[in-house]
Amino acid sequence: MIPAQFDYVRATSAEHALQLLGEHGDDAKLLAGGHSLLPMMKLRLAMPSVLIDIAGLPDLSGVRRDGDDVVIGALTKHGELAASEILEREAPLVAHAAGLVGDPQIRHRGTIGGSLAHADPAADLPSALLASDGWLELQGPEGTRRVAVDDFFTGYFETVLQPDELVVAIGTPRRMGAGWGYEKFTRRANDWGIVTVATVGGRVALGNMGPTSLRARATEQALARGASIPDAAELAAEGTEPVTDLHADGEYRSHLARVLTRRALTRAAG
Amino acid sequence: MRVNITVNDEPRSDEVEPRLLLVHYLREVCDLRAANVGCDTTSCGACTVLLDGKSVKSCTVLTVQADGHSVTTAEGLDGGAEELHPVQAAFRAEHGLQCGFCTPGMVMATVGFLSENPHPTEEEVREGLEGNFCRCTGYHNIVRAVLHAAESA
Ligand SMILES: Cc1cc2nc3c(=O)[nH]c(=O)nc-3n(C[C@H](O)[C@H](O)[C@H](O)COP(=O)(O)OP(=O)(O)OC[C@H]3O[C@@H](n4cnc5c(N)ncnc54)[C@H](O)[C@@H]3O)c2cc1C
Ligand code: FES
Ligand code: FES
């Protein structure tokens, strides 16, 4: 399968990428790892007329501490997150989820910024960062703004990111020693999760239980009231509208959400 | 667009369309046919090559993304004084192939994997090759071959 024709330009800085976005308008797409965009272009589900390659931008890659947060450059690859010593110590949920994305070859190409911007409700990093109470730094023509992951996803493959904005960094509070849990239910190696559950610090995020990664609010509230893990986990699917597809029906997904939430919370408590 | 890519240690310069996939560049422009197209959907790993030493699926990389970088295919594996590279020799010794379609991808994924984890456990081998499918399903011998290659290195 061969993508439709497009022009290819390489950005040399974040400012240059923004300038190119401004010049080319809605027909242009940013290209990071290409592991969501290129498969869609090969199927001609996406036909941008211009690709703006940001993969080579200096300063947008790597993991560092900044005060109470760990800050991750948008172009950091999944494999680099999984191997990061800083994340391993201070945000192990994010490192662990990154290590479960696809397979090693995909983790050598795909980036955290691309994964969040793409906003697939089944993806691993959006839920891990939602549970972590993370944030994104977006850069646009008017400057930068910070958006909580809680406010970032608006619908199926939709976010508050504007067409003329760039995700430059992702942050998460440092949580050295905090209990965490991550459960990804798949039927075959290297599959997407049929349902995923991420938890840390009393927050619980579900993947593939609706149009976006979302919080299991009823479970969180029960935990805050002092409910037991099994009782709180029973509420995990409350208020969600999971889809039925060829992998699982909605009822089965709700069952998975309850079971995986119990496992993730038990892991976090242990 | 003009790209400068080092393919199997040889610098090349070619004029390519931006939409040319790396696997097609390797097979059709460079005439290197080891990397196969199996699924064409980033699933099977038959098209695996090394990009700057890291395994990637070349059906999901644009040639222009490899501009200024180096690519290694199974043809570029060097056995030194021996006929075969140690990973290839291990696949032969352990009968790690049947029809052979997945093999160039398996071998390149293995070379990349062992460079990151030179002394893997069996479980780590199985996880390390989870992006490569063998439709003849000869997985046991493939895993043995990888462990053999790790021991002989
Ligand atoms: C076979 C296969 C299996 C996969 N399995 C999983 C899985 O199990 N779990 C999982 O989570 N993911 C999975 N993925 C997706 C993978 O994680 C992608 O790498 C990721 O979703 C997108 O990152 P990218 O860097 O490749 O983005 P790209 O494909 O380059 O871009 C994706 C979108 O984001 C935009 N974009 C990229 N970077 C930025 C930025 N910095 N600012 C603004 N917009 C940006 C692009 O314009 C595009 O619209 C899989 C992919 C494949 C092909
Ligand atoms: S052909 Fe590239 S992964 Fe199957
Ligand atoms: S040997 Fe036939 S596909 Fe693996």
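A crossing of two helices is called left-handed if the near helix is turned anticlockwise from the far one by less than a right angle, and right-handed if clockwise. By this convention α3(B) and α5(B) make a right-handed crossing. Helices here are DSSP runs of H or I with at least four residues, strands are runs of E with at least two, and both are numbered from the N terminus.

The model is predicted: local features need pLDDT of at least 70, side-chain atom pairs count only at pLDDT 80 or more, and totals for chains, interfaces and linings use all residues. Residues are numbered from 1 along each chain as its sequence is written, chains are lettered from A and ligands numbered from 1 in the order in which they are written, and side-chain values use heavy atoms, with hydrogens and water left out.

Two packed helices are described by the angle between their axes and the distance between the axes. Axes are lines fitted to C-alpha atoms, for helices over the stretch in contact, and angles run from 0 to 180 degrees between N-to-C directions. Angles under 35 degrees count as roughly parallel, over 145 as roughly antiparallel, 65 to 115 as roughly perpendicular and the rest as oblique.

In chain B, α3 (residues 103-116) packs on α5 (residues 139-152) at about 40°, with the axes 11 Å apart. α3(B) is therefore oblique to α5(B). Helix α2(B) (residues 86-93) meets α3(B) at about 125°, with an axis separation of 10 Å. This pair is therefore oblique as well, and α2(B) passes α3(B) in a right-handed crossing. The axes of α2(B) and α5(B) cross at roughly 135° and come within 8 Å. That makes α2(B) oblique to α5(B). Their crossing is right-handed.

Ligand 1 has 30 residues around it, with A:L30, A:G34, A:H35, A:T111 and A:D124 coming nearest. A residue belongs to this shell if one of its heavy atoms lies within 4 Å. Chains A and B both supply residues, so the site is shared between chains. The shell holds 14 nonpolar, twelve polar and four charged residues.

One lies 2.8 Å from a polar backbone atom of A:A32. For A:G102, the distance to a polar backbone atom is 3.2 Å. At A:K184, a side-chain N or O atom is 3.0 Å from a ligand oxygen. Taken alone, ligand 1 exposes 970 Å², and the protein buries 95% of that (Shrake-Rupley method, 1.4 Å probe). Elements of chain A giving two or more residues to the shell are β2 (28-31), α7 (112-118) and β10 (166-173). α7(A) gives the most, with four residues.

Conventions:
Polar contact = N/O pair within 3.5 Å; in protein donor to acceptor, adjacent residues only side chain to side chain. Nonpolar A, V, L, I, M, F, W, Y, C, P; charged D, E, K, R; others polar.
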